[in-house]
Amino acid sequence: MSVEERASAAERVLAARERYVARGVSTPALVVARAEGARVWDVDGREFLDFAGGIACQNLGHGPSAVVAAIHEQVDRYLHQCFMVGTYEPYIEVCRRLDELWPTAAEGGRNSRPGVGSAAADASSNPEAQTKSILVNSGAEAIENAVKIARAATGRAGVIVFDRAFHGRTSLTMAMTAKLVYKQGFGPLATDVYRAAAPYPFRGVSTEDALASLELLFQQDVDQTDVACIVLEPVQGEGGFIPMPPEFVQALRRICDEAGILYVDDEVQSGCGRTGTMWAIEQLGVEADLLVGGKTIGGGLPLATVTGRAELMDSVHVGGLGGTFGGNPVACAAALAVLDELTAPGFRERAEQLGTFLRTRLEEIAARQPIVGEVRGLGPMLALELREPTPDAAKATTAAAFDKGLLLLACGLDGNVIRLLPPLTAADEELERGLGLLEEALGDAGAGSG
């Protein structure tokens with residue numbers, strides 16, 4: 001028997017990956033054959049619990065039946081039109097639903113408003129409609145378009161972002177992203193992007209410190225009147241699942257109002273129910289000017305969104321926004337089914353219960369595992385930061401978890417944060433088993449570091 005015949009299916013795929021796929025694309029040992037709900041099976045038949053969700057893209061789990069059915073139905077009609085060549089209702093209907101779900105400063109926003117009819121039928125019947133949207137392919141593309149809209153609406157160039165931010169890996173968003181690995185060697189980076197401190201209480205950065213950093217930025221680097229927008233994740237994702245304190249977000253909103261700066265809410269990872277509410281900003285007592293969504297909203301297909309006040313969205317000249325595949329009709333069909341699930345009766349209550357359960361269990365685990373420094377997050381968007389600001393223990397934990405059948409992701413500027421992204425639809429038994437495996441993996445990592 002040859003070496004190739006003896007090799008596992010996963011080994012054969014990974015060998016082909018090494019030969020044909022560019023090195024710069026980070027690749028794990030997992031080779032997926034199928035997935036359902038909170039579980040993934042590899043090509044050798046091994047089952048894993050999935051607490052990674054394709055990096056927060058599966059808040060409803062893998063293959064939810066309503067989403068799969070919607071995709072099949074749309075595929076039988078047509079796969080692609082390009083919205084700039086042939087208008088189609090699924091695109092417009094997603095934009096209508098995003099208007100319906102727009103989060104106002106009052107907690108809960110308008111997302112409790114019942115949907116009525118189709119986009120065509122409802123075009124003039126909703127006096128509350130104040131927003132418009134565009135649909136694109138990815139979170140990074142959506143962020144770039146939000147900046148374009150902000151610049152067009154204000155006539156200004158400056159963009160302010162924050163320490164530990166992640167906004168993408170495209171040319172502009174590399175400059176906005178804080179982690180060096182995503183931009184090192186790819187310069188020159190886009191100009192007119194400025195960075196300030198963000199609150200990080202576990203590492204000693206308070207809201208007051210962060211606001212002082214912003215004030216210093218205005219004094220020495222860019223005048224307020226030259227800033228088009230401030231872009232902030234309400235819970236920093238890649239930066240370490242750091243929730244922004246409500247008082248910090250509210251202070252930013254006041255600064256934006258006073259200086260004519262637009263507030264851009266990046267909810268690519270924190271949106272679509274991940275924090276319990278449809279959008280995390282609903283829990284922070286402010287209203288954004290532009291809101292960026294992505295990941296879960298496409299149900300596993302490429303889709304991202306920019307929604308904002310109509311007068312801001314319409315500030316761009318005709319032809320200034322768009323793209324060949326943005327708002328692909330199949331992705332739009334999936335998104336409508338996703339939004340139906342996320343707004344169904346009882347879903348938010350289940351997500352909030354999940355958040356309480358996970359935090360309680362993680363606090364118990366942290367009390368027993370000395371390598372854990374902090375449990376933090378918002379709702380069910382939770383993480384463990386390990387005490388040592390190096391990636392070693394987190395890598396050991398995720399590797400040990402993989403060996404035990406649990407998929408986990410690390411994050412954070414120092415790579416020392418374990419983030420939890422189980423489906424919000426996961427069964428209690430699956431969550432309990434996954435948390436048990438997490439604790440075992442932390443114990444193994446702690447023993448190894450000792």
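**Reading helices and a surface patch**

Colleague: Where is Tyr 20 placed in this structure?

Modeller: In this predicted model, Tyr 20 lies in helix H2, which covers residues 9-20.

Colleague: Why is Tyr 20 called exposed?

Modeller: A residue is called exposed when its relative accessible area is over 50%, and because Tyr 20 has a relative accessibility of 65%, it counts as exposed. Tyr 20 also belongs, with Val 21 and Val 25, to a nonpolar patch on the surface, and together these residues have about 320 Å² of accessible area.

Colleague: What makes helix H5 largely enclosed by the rest of the structure?

Modeller: Buried means under 20% relative accessible area, and 10 of the 12 residues of H5 are buried, so the helix is largely enclosed by the rest of the structure.

Colleague: Why are the buried residues of H9 said to line one face of the helix?

Modeller: The buried residues of H9 are Thr 207, Ala 210, Leu 214, Leu 217 and Phe 218. Seen down the axis of H9, they fall within an arc of 95 degrees, so they line one face. These buried residues pack against strands S5, S6 and S7 and helix H10, whereas the face turned away from the buried side carries the exposed residues Glu 208, Gln 219 and Gln 220.

Key. Residues are numbered from 1 along each chain as its sequence is written. This is a predicted model: local features need pLDDT of at least 70, side-chain atom pairs count only at pLDDT 80 or more; totals for chains, interfaces and linings use all residues. Side-chain values use heavy atoms; hydrogens and water are left out. Buried means under 20% relative accessible area, exposed over 50%, partly exposed in between (1.4 Å probe, protein chains only). Helices (H or I, at least four residues) and strands (E, at least two) are DSSP runs, numbered from the N terminus. The arc is that of the directions from the helix axis to the C-beta atoms. Contact means heavy atoms within 4.5 Å. Patches are made of residues with over 30% relative accessible area and no salt bridge: like charges are joined within 9 Å, nonpolar side chains (Val, Leu, Ile, Met, Phe, Trp, Tyr) within 5 Å. Accessible areas come from the Shrake-Rupley method with a 1.4 Å probe; for residues, only the protein chains shown count as cover. A salt bridge is a side-chain nitrogen of Lys or Arg within 4 Å of a carboxyl oxygen of Asp or Glu.
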